[in-house]
Amino acid sequence: PDPVQLYRFGAMDPPATAAAEDRVAVVLAPIEFPAGAEDDRILTTSGGQVAYLAGARWISPADDLYAASLEAAFLNQARRVRLADRRELPSADVTLDLDILSFEARYPYGAEAAPTVVMVGRARLLGPDRSIQAERTFRAEQSAGENRVSAIVAAFDAATGQFNRELVAWVDGTAD
(Lines give C-alpha, C1' and ligand atoms only; values in the text may rest on other atoms or scores of the structure.)
Protein backbone atom coordinates (compact mmCIF):
# COMPACT_ATOMS: atom_id res chain seq x y z
CA PRO A 1 0.00 0.00 0.00
CA ASP A 2 0.98 3.62 -0.54
CA PRO A 3 2.46 5.31 2.53
CA VAL A 4 0.14 7.54 4.54
CA GLN A 5 1.25 10.69 6.38
CA LEU A 6 -0.49 11.25 9.73
CA TYR A 7 -1.58 14.69 11.01
CA ARG A 8 -3.20 16.20 14.05
CA PHE A 9 -4.88 19.44 15.07
CA GLY A 10 -5.67 21.04 18.42
CA ALA A 11 -3.67 21.58 21.60
CA MET A 12 -1.07 18.91 22.22
CA ASP A 13 -0.38 19.69 25.89
CA PRO A 14 -3.44 20.78 27.86
CA PRO A 15 -2.69 22.93 30.92
CA ALA A 16 -2.74 21.65 34.47
CA THR A 17 -6.19 21.71 36.01
CA ALA A 18 -7.02 24.44 38.48
CA ALA A 19 -9.34 24.43 41.48
CA ALA A 20 -12.86 24.62 40.16
CA GLU A 21 -15.20 24.19 43.10
CA ASP A 22 -16.91 27.56 42.58
CA ARG A 23 -17.39 27.18 38.82
CA VAL A 24 -20.55 26.12 37.01
CA ALA A 25 -20.27 22.43 36.10
CA VAL A 26 -20.83 21.77 32.38
CA VAL A 27 -21.06 18.21 31.13
CA LEU A 28 -20.01 17.77 27.52
CA ALA A 29 -22.47 15.42 25.81
CA PRO A 30 -21.02 13.14 23.10
CA ILE A 31 -20.24 15.38 20.13
CA GLU A 32 -22.08 14.57 16.91
CA PHE A 33 -19.91 14.78 13.76
CA PRO A 34 -20.96 14.45 10.12
CA ALA A 35 -20.65 10.82 9.00
CA GLY A 36 -18.07 11.61 6.30
CA ALA A 37 -15.82 13.61 8.65
CA GLU A 38 -15.84 11.64 11.88
CA ASP A 39 -13.13 9.10 11.12
CA ASP A 40 -9.42 9.55 10.40
CA ARG A 41 -9.75 10.60 6.76
CA ILE A 42 -9.50 14.30 5.84
CA LEU A 43 -12.71 15.32 4.10
CA THR A 44 -12.77 17.69 1.10
CA THR A 45 -15.63 18.98 -1.05
CA SER A 46 -15.77 20.65 -4.44
CA GLY A 47 -19.25 21.54 -5.59
CA GLY A 48 -21.27 18.36 -5.28
CA GLN A 49 -18.22 16.09 -5.16
CA VAL A 50 -16.81 14.73 -1.91
CA ALA A 51 -13.38 13.14 -1.55
CA TYR A 52 -10.65 12.45 0.97
CA LEU A 53 -7.09 13.75 0.76
CA ALA A 54 -4.97 10.97 -0.71
CA GLY A 55 -2.05 9.81 1.40
CA ALA A 56 -3.09 11.82 4.47
CA ARG A 57 -5.04 10.91 7.58
CA TRP A 58 -5.64 12.25 11.06
CA ILE A 59 -3.67 10.46 13.75
CA SER A 60 -6.99 9.58 15.46
CA PRO A 61 -10.61 9.92 14.38
CA ALA A 62 -11.41 13.60 13.80
CA ASP A 63 -14.24 13.57 16.34
CA ASP A 64 -11.84 12.32 19.05
CA LEU A 65 -9.19 14.91 18.14
CA TYR A 66 -11.82 17.62 18.17
CA ALA A 67 -13.23 16.58 21.58
CA ALA A 68 -9.69 16.70 23.05
CA SER A 69 -9.09 20.14 21.53
CA LEU A 70 -12.36 21.45 22.99
CA GLU A 71 -11.54 20.08 26.44
CA ALA A 72 -8.13 21.80 26.28
CA ALA A 73 -9.81 25.05 25.19
CA PHE A 74 -12.08 24.94 28.25
CA LEU A 75 -9.08 24.34 30.52
CA ASN A 76 -7.17 27.22 28.90
CA GLN A 77 -9.91 29.82 28.56
CA ALA A 78 -12.97 29.26 30.76
CA ARG A 79 -13.21 31.40 33.88
CA ARG A 80 -16.77 30.77 35.15
CA VAL A 81 -17.37 27.19 34.01
CA ARG A 82 -15.58 23.87 34.16
CA LEU A 83 -16.10 20.70 32.18
CA ALA A 84 -17.48 18.05 34.46
CA ASP A 85 -17.02 14.33 34.06
CA ARG A 86 -20.05 12.50 32.64
CA ARG A 87 -20.25 10.61 35.94
CA GLU A 88 -21.23 13.97 37.50
CA LEU A 89 -24.25 14.25 35.20
CA PRO A 90 -26.94 14.06 37.92
CA SER A 91 -25.29 16.89 39.88
CA ALA A 92 -24.15 18.96 36.88
CA ASP A 93 -25.65 22.39 36.36
CA VAL A 94 -25.58 22.41 32.56
CA THR A 95 -25.03 20.03 29.64
CA LEU A 96 -23.33 21.24 26.45
CA ASP A 97 -24.88 19.48 23.46
CA LEU A 98 -22.79 20.09 20.32
CA ASP A 99 -23.54 19.00 16.76
CA ILE A 100 -20.75 19.64 14.27
CA LEU A 101 -22.52 20.16 10.96
CA SER A 102 -19.50 20.73 8.73
CA PHE A 103 -15.81 19.89 9.15
CA GLU A 104 -14.21 19.94 5.72
CA ALA A 105 -11.83 21.60 3.29
CA ARG A 106 -13.88 23.23 0.53
CA TYR A 107 -12.60 23.95 -2.96
CA PRO A 108 -14.94 26.71 -4.21
CA TYR A 109 -12.51 27.78 -6.97
CA GLY A 110 -11.57 24.37 -8.36
CA ALA A 111 -9.29 21.51 -7.43
CA GLU A 112 -6.05 23.42 -8.16
CA ALA A 113 -6.84 26.44 -5.95
CA ALA A 114 -6.21 26.58 -2.20
CA PRO A 115 -9.22 25.33 -0.24
CA THR A 116 -10.97 26.95 2.69
CA VAL A 117 -11.54 24.90 5.81
CA VAL A 118 -15.10 25.32 7.06
CA MET A 119 -16.31 24.29 10.50
CA VAL A 120 -19.94 24.84 11.46
CA GLY A 121 -21.64 23.63 14.61
CA ARG A 122 -24.78 24.11 16.65
CA ALA A 123 -24.41 24.32 20.41
CA ARG A 124 -27.17 24.04 22.97
CA LEU A 125 -26.93 24.52 26.71
CA LEU A 126 -29.37 22.23 28.49
CA GLY A 127 -30.52 22.64 32.07
CA PRO A 128 -30.75 19.77 34.59
CA ASP A 129 -34.26 19.02 33.28
CA ARG A 130 -32.90 18.90 29.68
CA SER A 131 -34.67 22.15 28.77
CA ILE A 132 -32.81 24.40 26.32
CA GLN A 133 -31.30 27.37 28.16
CA ALA A 134 -29.47 28.82 25.15
CA GLU A 135 -28.68 27.85 21.57
CA ARG A 136 -26.28 29.25 18.99
CA THR A 137 -24.66 28.30 15.69
CA PHE A 138 -20.92 28.86 15.29
CA ARG A 139 -18.93 29.09 12.06
CA ALA A 140 -15.18 29.27 11.51
CA GLU A 141 -13.46 29.51 8.13
CA GLN A 142 -9.76 29.52 7.38
CA SER A 143 -8.09 29.68 3.98
CA ALA A 144 -5.33 27.13 3.51
CA GLY A 145 -3.29 29.65 1.53
CA GLU A 146 -1.86 26.85 -0.61
CA ASN A 147 -3.19 23.62 -2.04
CA ARG A 148 -0.77 21.49 -0.01
CA VAL A 149 -1.67 18.99 2.69
CA SER A 150 0.44 20.74 5.35
CA ALA A 151 -1.30 24.07 4.61
CA ILE A 152 -4.71 22.40 4.69
CA VAL A 153 -3.94 20.75 8.05
CA ALA A 154 -2.76 24.12 9.43
CA ALA A 155 -6.06 25.65 8.26
CA PHE A 156 -8.00 22.90 10.08
CA ASP A 157 -6.00 23.70 13.22
CA ALA A 158 -6.66 27.46 12.91
CA ALA A 159 -10.37 27.02 12.16
CA THR A 160 -10.77 24.63 15.09
CA GLY A 161 -8.98 27.06 17.40
CA GLN A 162 -11.21 29.96 16.33
CA PHE A 163 -14.35 27.82 16.67
CA ASN A 164 -13.32 26.66 20.15
CA ARG A 165 -12.44 30.18 21.38
CA GLU A 166 -15.85 31.48 20.34
CA LEU A 167 -17.70 28.45 21.76
CA VAL A 168 -15.88 28.54 25.12
CA ALA A 169 -16.43 32.31 25.47
CA TRP A 170 -20.15 31.83 24.76
CA VAL A 171 -20.54 28.97 27.25
CA ASP A 172 -18.47 30.87 29.83
CA GLY A 173 -20.71 33.93 29.50
CA THR A 174 -24.04 32.09 29.16
CA ALA A 175 -24.04 29.09 31.52
CA ASP A 176 -25.60 29.76 34.90
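Predicted model: local features only at pLDDT ≥ 70, side-chain atom pairs only at ≥ 80, totals over all residues.
A salt bridge, for this talk, is a side-chain nitrogen of Lys or Arg within 4 Å of a carboxyl oxygen of Asp or Glu.

How many salt bridges does a search of the whole structure find? Eight. Here is another one of them. Arg122 pairs with Asp99, and the closest N and O atoms are 2.8 Å apart. This pair links distant parts of the chain. Arg122 is in strand β7, Asp99 is in strand β6, and 23 residues separate them. Now look at the cover on each side. Arg122 is partly exposed, at 28% relative accessible area. Asp99 has 14% relative accessibility and counts as buried, because the cut-off for buried is under 20%.

Then a third pair. The side chains of Arg41 and Asp39 meet at 2.9 Å, N to O. Arg41 is partly exposed at 29% relative accessibility. Asp39 is partly exposed at 24%.

On to the core. In soluble globular proteins, nonpolar side chains tend to be buried together. In this model, the largest nonpolar core has 49 residues. Which members touch the most others? Trp58, Tyr66, Phe103, Leu167 and Val171. Several elements give two or more residues to this core, among them strands β2, β3 and β4 and helix α1. Helix α2, spanning 149-174, gives the largest share, 11 residues.

Take Phe103 by itself. Leaving out residues up to four places away in sequence, its contacts include Phe9, Phe33, Pro34, Leu43, Trp58, Val118, Met119 and Phe156. Thr160 is also on that list.

Now the rings. The count of aromatic pairs comes to nine. Consider Trp58 and Phe156. Their ring centres are 5.2 Å apart and their planes stand at 85°, so the pair is edge-to-face. Trp58 belongs to strand β4 and Phe156 to helix α2, so the pair ties together parts 98 residues apart in sequence. Both Trp58 and Phe156 are buried. Zoom out, and ring pairs link a cluster: Phe9, Phe33, Trp58, Tyr66, Phe103, Phe138, Phe156, Phe163 and Trp170.

Next, Val26. It lies in strand β2. Its relative accessibility is 0%, so Val26 counts as buried. What does Val26 touch, beyond residues up to four places away in sequence? Val81, Arg82, Leu83, Ala84, Val94, Leu96, Val171 and Ala175.

Last stop, the surface. Val4, Leu6 and Ile59 make a nonpolar patch there. Together they have about 260 Å² of accessible area. Val4 sits in the segment before β1, the strand at 5-7. With 42% relative accessibility, Val4 counts as partly exposed.

To recap. We saw eight salt bridges, nine aromatic pairs and a largest nonpolar core of 49 residues. Val4, Leu6 and Ile59 form a nonpolar patch on the surface. Thanks.

Terms used. Residues numbered from 1 in each chain as written. Heavy atoms only, no water. Patch = residues over 30% accessible without salt bridge, like charges linked within 9 Å, V, L, I, M, F, W, Y side chains within 5 Å. Areas by Shrake-Rupley, 256 points an atom, 1.4 Å probe, with all protein chains shown as cover. Helix = DSSP H or I, 4+ residues; strand = E, 2+ residues; numbered from the N terminus. Buried < 20%, exposed > 50% of the residue type's maximum accessible area, 1.4 Å probe, protein only. Core = buried A, V, L, I, M, F, W, Y, C linked by side-chain atoms within 4.5 Å. Contact = heavy atoms within 4.5 Å. Phe/Tyr/Trp six-rings, centres within 6.5 Å; stacked < 30°, edge-to-face > 60°.
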